[in-house]
Structures are given as structure tokens and as C-alpha cells.
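Could you walk me through this protein in my viewer, one selection at a time? I would like to know what to click on next and what I will find there.

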Amino acid sequence: MSPAAPIRYTAAVEDIQADEAETIQGLNNAFDTILETTAKDYGHAVRSVHAKAHAILEGKLVVAENLPPELAQGLFARSGEHKVYMRVSTNAGDVLPDAISLPRGLALKVLDVEGERLPGAAGTTQDFIMVNGPVFQTRTADKFLGNLKMLAKTTDKMEGTKKVMSSVLRGVNTALSAVGIESPKVQSLGGAPNVDPLGETYYSVTPFRYGDYIAKFSVAPVSPDLLALKDTIIDASDRPDAIRETVQSEMQRIDGVWELRVQLCRDLEKQPVEDPTVPWDEEDAPFQKVATITVPRQDSWAADRVQAVDEQMHFSIWTGLAAHQPLGNINRARRDTYKHSADFRAQFNGCPMHEPSARSGG
């Protein structure tokens, strides 16, 4: 049986709560604790989440030709090629040794994208931010704030305890997985398997406007070299930067190919906009390829690229086209908090953020 027709976007798909501004202020306060603590420790400001990068990659995104009308939307409305940067990271707000295993992140910046911009979105780039799991750990931003306050209190503390805790939680997560239970909360606290990030599939987790429709995004490895790395565990017991070193070695000998896929919302009850803890069943709403990302073999920790991307750029789901407006409570909260974090880094480091363009050599 073919999937149901995709749901058309209207502003009514969002349910904006009265206390969202108060929650956002609370998030900014909690992020300030993380930002100020880490900046003091390192003498240098890092991101309030996903502080530690493992790889900075440069490649190209090619939008597929002859997409059906419901997929030919926004960035993907016409075929073409774009330069891209990819940042592979771990989700903590402090720079931890890799023995503390946490979910992986993938940030994608697509250059020279034409079209109407989101309010306040500088430049001509389109950002996508994803993690290697299909659901978020909390339903709403105020619940996430409760978790963040707890994590903020552990920033720069108990590193040895975090290693032990991570080892214990990995065992808990393995036991849960063996009986078919996935626990984003256990994984976010250090129980995620310490997998090679190049073999992972990444998800936007939250929904976005997709032109006339509503969708989630995914980036999935498709080249044989990347697929061979799926579920590969990296031993980081005695190497604080084991993931970075492993990926650097791998990317110097392989060419990576990923597909960027779209999952169109086809039933607002089964695929809710305001609850990112609910997975969108792929049988009801299948992922469909809209573009290919190719990254030729390269030094994934080249100093000039790390400086240009990791230090001088920021990634935000609110940087992009109006056609890909972030939707839902969690995404609305991310708008001001992402800017808040980027502004702190820029001011503390004396290094303004900028949006690159391949046309100008950036």
C-alpha cells in the first residue's frame, strides 16, 4: 500500500505556549553557566552544546534531478551542486575525553542557497543539525531545561566519575537494547555506544517546514567504505581524542558518500509536530532521497579548515530558507539559544562569526 498524501504546511500545525519566552530565558541562563565555566577553564569559548568536534569535512551536495513535486521544495526545488561543510561532534558542552561516550552530532552547512531567508538569517547558507538517533530526549523545552540545569552543574566536574558512569551506563544501554528498548536519556548521560561516527545515520529529530509540506531530515551513509563502519566501536580507554584520530586516519584513505533524505509528514496524529519524542514510523512516512553528499578523501582535522569552520562559523537550524522554517516547541526554543551561544563565543574570542560563500572563496 502506498503512503498517504503528505500534509500541507499551515501555521496551525504549531501550538505556541504562553510560557515559551520564560523557558528560553532559563535555557540561556543554563547555557551561560556552561559557556562561562568552560571559557574560564580553557581560556577560550566553545559551543554550549556539541563543544568537541571530531572532524571538519569539506565536500559537495548534489540535489537529485527530476524529483516529484512534493520533494522538489525549498533548497531541493531545482537540481544543482553546492559546496558543503560537515562538522562531526559529540553532544556535551565541555570538551571531554572520548572514553565518556555520548551521542554523535552532525552539522551540515550548504553554501550559496538562493531563496527567501528566515528572519535574521544572515548570508546564503542552509544549515542542518542532526544526531545519530531519531527522537529527542524530552517532549518540550521546559522539560529539556530541567535536564540542562542538571548537566550545567556537572560541567568541568567529576571527569573521572563521568568515565566510570559512562561505562556503567553503556552496560545499561546494551541491556535495554537487547530487549528492544532504546533510551535517549541513558544515552545522553553517557550510555551511548562509542561508535565510529562515519558509519552512523543522522536525524534532524525535530520537524521543519518543507516548502508546501512538513518534514524531518536524515543523512545516511551509502558508500561501501562508510557502511563497513556501521556499529564499529572505538576503543577510547587510553586516548582522549580517539574518535578524532580514528576518523582522521579513515578519511585519508576513503571517499565518503551520504544521502540526504526527507521524511514527509503524512498524518499529524502519527507524526506530531510538537512532540519530538515520538518516532515517525518509516512504514507510514518513508525517508526519500533528495540529494547526495560526496566528501573526497582528505585530512579531516586540517588546521586551516578547523580554524575556518570550527572557530569562525556557527551552525543553527534558524540559518536558512523560510521554506525550511523549524517547527515545534523545541525548535522555537533553539532560535534564541543558538544565537546566544554564538554571540558569547564571538565576543569572548574576539572572532566574529560569518557565513561563507563558495562564490567569494569562503
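Start at the second largest pocket, which has a volume of about 370 Å³. Keep in mind as you look around that this is a predicted model. Select Gly-120, Ala-121, His-314, Thr-319 and Lys-339: of the 18 residues that line this pocket, these lie nearest its centre. If you colour the whole lining of the pocket by class, you will get eight nonpolar, five polar and five charged residues.

Rolling a probe the size of a water molecule over the atoms shows where empty space is left. How many cavities of 30 Å³ or more does a search of the whole structure find? There are three.

The largest cavity holds about 70 Å³ of space. To find it, select Thr-90, Leu-96, Asp-98, Ile-100 and Leu-102, the closest to its centre among the 13 residues of the lining. Colouring the lining of this largest cavity by class gives six nonpolar, three polar and four charged residues.

Now move on to the second largest cavity, with about 50 Å³ of space. Select its lining: Gln-126, Asp-127, Phe-128, Ile-129, Ser-204, Phe-208, Phe-217, Ile-317 and His-324. Which strand gives the most to this lining? Highlight strand β4, residues 126-131, and you have it: β4 contributes four residues. By class, the lining of the second largest cavity is made up of five nonpolar, three polar and one charged residues.

For the next stop, show helix α7, residues 303-311, with its side chains. Select Arg-305, Val-306, Val-309 and Asp-310, which are buried. They sit on the same side of α7, because they cover an arc of only 100° around the axis.

Finally, zoom out and switch to a cartoon view. You can trace eight helices and nine strands in the protein. Of its 362 residues, 55% count as buried.

Definitions and conventions: Residues are numbered from 1 along each chain as its sequence is written. This is a predicted model: local features need pLDDT of at least 70, side-chain atom pairs count only at pLDDT 80 or more; totals for chains, interfaces and linings use all residues. Side-chain values use heavy atoms; hydrogens and water are left out. On a 1 Å grid over the protein atoms alone, a cavity is a set of points where a 1.4 Å probe fits but cannot get out, and a pocket is an open set with protein on both sides within 12 Å along at least five of seven lines; lining residues have an atom within 4 Å of a point. Grid points are joined across faces, edges and corners, and a volume is the space filled by probe spheres set on the points. Ala, Val, Leu, Ile, Met, Phe, Trp, Tyr, Cys and Pro count as nonpolar, Asp, Glu, Lys and Arg as charged, and the others, Gly among them, as polar. Helices (H or I, at least four residues) and strands (E, at least two) are DSSP runs, numbered from the N terminus. Buried means under 20% relative accessible area, exposed over 50%, partly exposed in between (1.4 Å probe, protein chains only). The arc is that of the directions from the helix axis to the C-beta atoms.
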